[in-house]
Amino acid sequence: MEKSVRHKGPLFTLLAGVVLGAVLLSLAMTAAARDTAKRNAAVAAPASPSVSPPASAAPSPLAAAPAVTYAGRVTGSHATVAIAVHGGHAIAYLCDGKRIEAWLKGTAVAGKLALTGAGAARLTGTYGHLATGAVQAGSRRWTFAVAVATAPSGLYRAATKVRNAKIVAGWIVLADGTQVGILTTDGRPATAPRLDTGSRTASVNGTPVTAEAVDAASTSGF
Amino acid sequence: MASQTDARAKPASTGAGALIVPAAIGAAVALTLGVYGRVHSPTGIAVSVAGFSSPQTVKVWLATAAIFFALLQISSALVMYGKVPGVTAPRWIGTFHRWSGRTAFLLTVPVLVHCLYAFGFATYSTRTLAHSLLGCVFFGVFTAKMLSLPKRGLPGWALPLLGGLVFAALVGLWLTSAFWFFTTSGVKL
């Protein structure tokens, strides 16, 4: 009896862990599915009726539009996208935190996004409570449905010179505090150092570099 | 790769050879978790627990509780092996060791699920890369240890080594997550 318990005890421990994990995973999946449904409902309602008709009635409702930044992960990948929309203009940044990045610029008019960037990068989609659409960079294409980001999450950019090297860095900060960023030094991309969102500084090879929160009004360096 | 080859070799019934199958299964567990975390797209969403301000704080405190039980693990193991001078192992020490270990392990499971499902295998900083790797290692080595426990005739170093690795991995996990959280966000519920 004692012997068989000693034999099976560790297996029961493992089994208990697997069962607990499976239960929690299914609960998490249910929660995620519910959240997706809620988000889709939120998007379907306001995006079409309230944004489109006034736009077609009056061709310049841009000035009244508030600045808003969307940020989140693209579908089925670790890469992130952030889109800053303000007064008819939009700036977007696609970043996987390793090699892939693209800065894009364009218009946000009547609920529609149309942005382009270097190397035939392209982003098209809609915006409302969510920004949804597709972004293409290089030979790859991602789709996305990302929510509004509130500070300190959002999009940050730094462009300066550190010890005679031209550096450009972009960070997308997600709601959970996750940062995805790339630092390009003289054209070579690498994972960006952590950005302190409070002081908006990051240390690049020991030199503090100041980043600015990107909204569509900021055009420096583009 | 190496573990697959090892798994095909005929395991010896005694000695270090008996560790081959548990080690291979443990390696498979670690790989599976890592690959799942990498290919699955993180949702950022999981179940939240009442009484805590965010899923992150739940994880931080679960991990901290797990560390507490892991410390009981390492000290009860030292007592069992007679490594604490002047302390003779009481009769209940084995039971105590087993149940504190089970508790520590079960506390880590919700953290694992949330990390894998909501965040995935992350590599964007040294901290997250180390944390992701240690997470896979922890559950792999833990599986290997559980599967090794019932084996007869293991070399004397086998269980202390596996147990030590599990403990070290857990401490590393805690340092790269909960400790980091406490130092950046402060100690809060």
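## A loop residue in chain A

Leaving aside neighbours within four places in sequence, A:Ala175 is in contact with A:Ala149 and A:Ser153. Contact means that the C-beta atoms of two residues, placed from the backbone, lie within 7 Å. A:Ala175 and A:Ala149 are 26 residues apart in sequence, yet 6.7 Å apart in space, C-alpha to C-alpha.

A:Ala175 sits in the loop between strand 10 (165-173) and strand 11 (179-185) of chain A. Strands (E, at least two residues) and helices (H or I, at least four) are DSSP runs, numbered from the N terminus. A:Ala175 counts as partly exposed because it has 15 C-beta neighbours inside 10 Å. The cut-offs: buried is 20 or more other C-beta atoms within 10 Å of a residue's own, exposed is 12 or fewer, and partly exposed is in between, with C-beta atoms placed from the backbone.

## Basis of the model

The model is predicted: local features need pLDDT of at least 70, side-chain atom pairs count only at pLDDT 80 or more, and totals for chains, interfaces and linings use all residues. Residues are numbered from 1 along each chain as its sequence is written, while chains are lettered from A and ligands numbered from 1 in the order in which they are written.

## The barrel in chain A

Eight strands of chain A close into a barrel, in the order 1-2-3-4-5-6-7-8, with antiparallel pairing. Strands pair if DSSP finds at least two bridges between them.

Strand 1 (residues 68-73) and strand 2 (residues 80-86) of chain A run antiparallel, joined by six bridges. A:Arg73 has A:Thr80, in strand 2, as its bridge partner.

## Chain B

Chain B has six helices and zero strands. Of its 189 residues, 40% count as buried.
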